[in-house]
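This report describes selected side-chain contacts and secondary-structure elements of one protein model. Please consult the sequence and the structure below while reading.

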Amino acid sequence: MIRALRYLGDPVLRKHADPVKKIGPEIRKLIDDMFETMDAAHGIGLAAPQVGVMKRVIVTNVPEEDGSFTRGALINAEIVSFEEETELFEEGCLSIPHVRADVDRPVGIRVRAIDGNGRKVDFLASDLYARCIQHEVDHLNGVLFIDRAGISEKKALKMMQTAEEDE
């Protein structure tokens, strides 16, 4: 089921999500719905707060250079280390349509989480996949990419409004 996206200005996007304590049918349904919602919106990542659920769940579908995709769910994801090297790269967000900005993020990270099958995982991510995970984990902590880009919420809302009026 495609769930309604929450947009900038919705207070839920500024709250911290709660850890998942049990992976049961409710969380599995949430993950399925999040994939469907992300795919319908043509996104590469989605965090549960973006569909109004305050749980630490993210899904990704990141294109790789070889044409494949890194698709999966991460529950209670923690970024345990960051590479020193960073890269400035343009980001957007399904919850902040029509707004794009350069964000400086580490090019590599180490992640601990539970995958969509309920297994503990500990892995290294790099490049766009690392950026996507960082962006989505920020959502779980009430942080938006515009915060990292130095764009005020007021300015981003104005940018969204202007783009919608131009359509």
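Tyr-129 is buried, at 14% relative accessibility; here buried means under 20% relative accessible area, exposed over 50%, and partly exposed in between (1.4 Å probe, protein chains only). The model is predicted, so local features need pLDDT of at least 70 and side-chain atom pairs count only at pLDDT 80 or more, while totals for chains, interfaces and linings use all residues. Residues are numbered from 1 along each chain as its sequence is written, and side-chain values use heavy atoms, with hydrogens and water left out.

A search of the whole structure gives one aromatic pair. Rings of Phe, Tyr and Trp (its six-membered ring) pair if their centres lie within 6.5 Å; planes under 30 degrees apart count as stacked, over 60 as edge-to-face and the rest as tilted. The ring centres of Phe-123 and Tyr-129 are 6.1 Å apart and the planes lie at 15°, so this pair is stacked.

Side chains of opposite charge can pair when their charged atoms come close. A salt bridge is defined as a side-chain nitrogen of Lys or Arg within 4 Å of a carboxyl oxygen of Asp or Glu. The whole structure holds 14 salt bridges, including those tabulated here.

| Salt bridge | N to O distance |
|---|---|
| Arg-3 and Asp-33 | 2.9 Å |
| Lys-29 and Asp-33 | 2.8 Å |
| Arg-105 and Glu-91 | 2.7 Å |

Helices (H or I, at least four residues) and strands (E, at least two) are DSSP runs, numbered from the N terminus. Asp-33 takes part in a salt bridge with Arg-3. This pair links distant parts of the chain, 30 residues apart: Arg-3 is in the segment before helix H1 (25–40), and Asp-33 is in helix H1. Asp-33 is buried, at 1% relative accessible area, whereas Arg-3 is partly exposed at 22%. Asp-33 also forms a salt bridge with Lys-29, and both of these residues lie in helix H1, four residues apart, about one turn of the helix. Lys-29 is partly exposed, with a relative accessible area of 39%.

The salt bridge between Arg-105 and Glu-91 joins strand E5 (residues 101–106) to strand E4 (residues 86–91), so it ties together parts that are 14 residues apart in sequence. Arg-105 is buried at 3%, and Glu-91 is buried at 4%. A network of salt bridges links Glu-91, Arg-105, Arg-131, Asp-138 and Arg-148.

Strands E6 (residues 108–115) and E7 (residues 120–126) run antiparallel and are joined by seven bridges; two strands pair if DSSP finds at least two bridges between them. Arg-112 has Asp-122 in E7 as its bridge partner. Four residues lie between the strands of this hairpin, in which Gly-118 takes a positive phi near 85°.

Helix H4 (residues 153–166) has 14 residues and should span 20 Å at 1.5 Å a residue, which agrees with the 20 Å between its end C-alpha atoms; the expected span is 1.5 Å times one less than the number of residues. Which residues of H4 are buried? They are Ala-156, Met-160 and Ala-163. These cover an arc of only 65° around the axis, which puts them on the same side of H4; the arc is that of the directions from the helix axis to the C-beta atoms. An α-helix has 3.6 residues a turn, so residues three or four places apart point the same way. The buried residues of H4 pack against helix H3 (145–149), where contact means heavy atoms within 4.5 Å. The face of H4 turned away from the buried side carries the exposed residues Lys-154, Lys-155, Lys-158, Glu-165 and Asp-166.
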